[in-house]
Amino acid sequence: MDTKRLLATSGSILMALSAFAANNQGAQDMASRLLGGTIALSTMLIIGFFSIIGYVIVAMMARKRNRSIALWILFSLLGTPWLMILILFCIGKDNTGLQDR
């Protein structure tokens, strides 16, 4: 219950600051810089987090399917991790090297 109240209060403060900045020319520069920088930083952190999660999932799927982890991470860097996850899911497990071990 406290987390919901905190999120609601934070959202209300953010909306009030943006409305204040939109209506007050003197405060527009300060509030727009603060809100613009905060939104840009949080967006970059969220995108970076999901990218790292994608690479970790590719590595785990490659290891589970007896594929080269380094090669699939390289493919992920050239393409996208989410595409490589889909390809790894479709091609399945590599059983050719199991007889040598």
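Reader: Which residues is Ser-76 in contact with, leaving aside neighbours within four places in sequence?
Author: Begin with its place: Ser-76 belongs to helix 3, residues 69-78 (helices are DSSP runs of H or I with at least four residues, strands are E runs of at least two, and both are numbered from the N terminus). Once neighbours within four places are set aside, the contacts of Ser-76 are Tyr-55, Val-58, Pro-81 and Met-84.

Reader: Is Ser-76 buried or exposed?
Author: Buried means under 20% relative accessible area, exposed means over 50%, and partly exposed is in between, using a 1.4 Å probe and protein chains only. Ser-76 has a relative accessible area of 0%, so this residue is buried.

Reader: Which backbone oxygen does the side chain of Ser-76 reach?
Author: A polar contact is a pair of N or O atoms within 3.5 Å; within protein, one must be able to donate a hydrogen and the other to accept it, and residues adjacent in sequence count only if both atoms are side-chain atoms. At 2.9 Å from the side chain of Ser-76 lies the backbone oxygen of Trp-72.

Reader: How many residues make up the largest nonpolar core?
Author: A nonpolar core is a set of buried Ala, Val, Leu, Ile, Met, Phe, Trp, Tyr and Cys residues joined through side-chain atoms within 4.5 Å. The largest one includes Trp-72, and its other members are Val-58, Met-61, Ala-62, Met-84, Ile-85 and Leu-88. Two or more of the core residues come from helix 2 (25-64), and two or more from helix 4.

Reader: What does Val-58 touch, not counting residues up to four places away in sequence?
Author: With residues up to four places away left out, Val-58 touches Trp-72, Ile-73, Ser-76, Pro-81, Met-84, Ile-85 and Leu-88.

Reader: How many degrees of arc do the buried residues Pro-81, Met-84, Ile-85 and Leu-88 cover around the axis of helix 4?
Author: These four buried residues lie in helix 4, which spans residues 81-91. The arc is taken from the directions from the helix axis to the C-beta atoms. They sit on the same side of helix 4, because their arc is only 105 degrees.

Reader: Is Leu-83 buried or partly exposed?
Author: Leu-83 is also in helix 4. Its C-alpha is 9.6 Å from that of Val-58, 25 residues away along the chain. Its relative accessible area is 41%, so Leu-83 is partly exposed.

Reader: Where does Arg-65 lie, and what is its relative accessibility?
Author: The loop between helix 2 and helix 3 holds Arg-65. Not counting residues up to four places away in sequence, Arg-65 touches Leu-88, Phe-89, Gly-92, Lys-93 and Asp-94. One of these, Gly-92, follows helix 4 and has a positive phi, near 80 degrees. Arg-65 counts as buried because its relative accessibility is 15%.

Reader: What is phi of Asn-66 near?
Author: Asn-66 is found in the loop between helix 2 and helix 3, and its 27% relative accessible area makes this residue partly exposed. Most residues other than glycine have a negative phi. Asn-66 is a residue other than glycine with a positive phi, near 55 degrees.

Reader: Which element of the protein chain has the highest mean pLDDT?
Author: From the N terminus on, the elements run α-α-α-α, with four helices and zero strands. The average pLDDT of the chain (the predictor's confidence in each residue, from 0 to 100) is 79, and 70% of the residues score at least 70. Where pLDDT is low, the predicted coordinates should not be read in detail. The lowest mean, 69, belongs to helix 1 (residues 2-23), and the highest, 92, to helix 3.

How values were computed:
Residues are numbered from 1 along each chain as its sequence is written. Side-chain values use heavy atoms; hydrogens and water are left out. Contact means heavy atoms within 4.5 Å.
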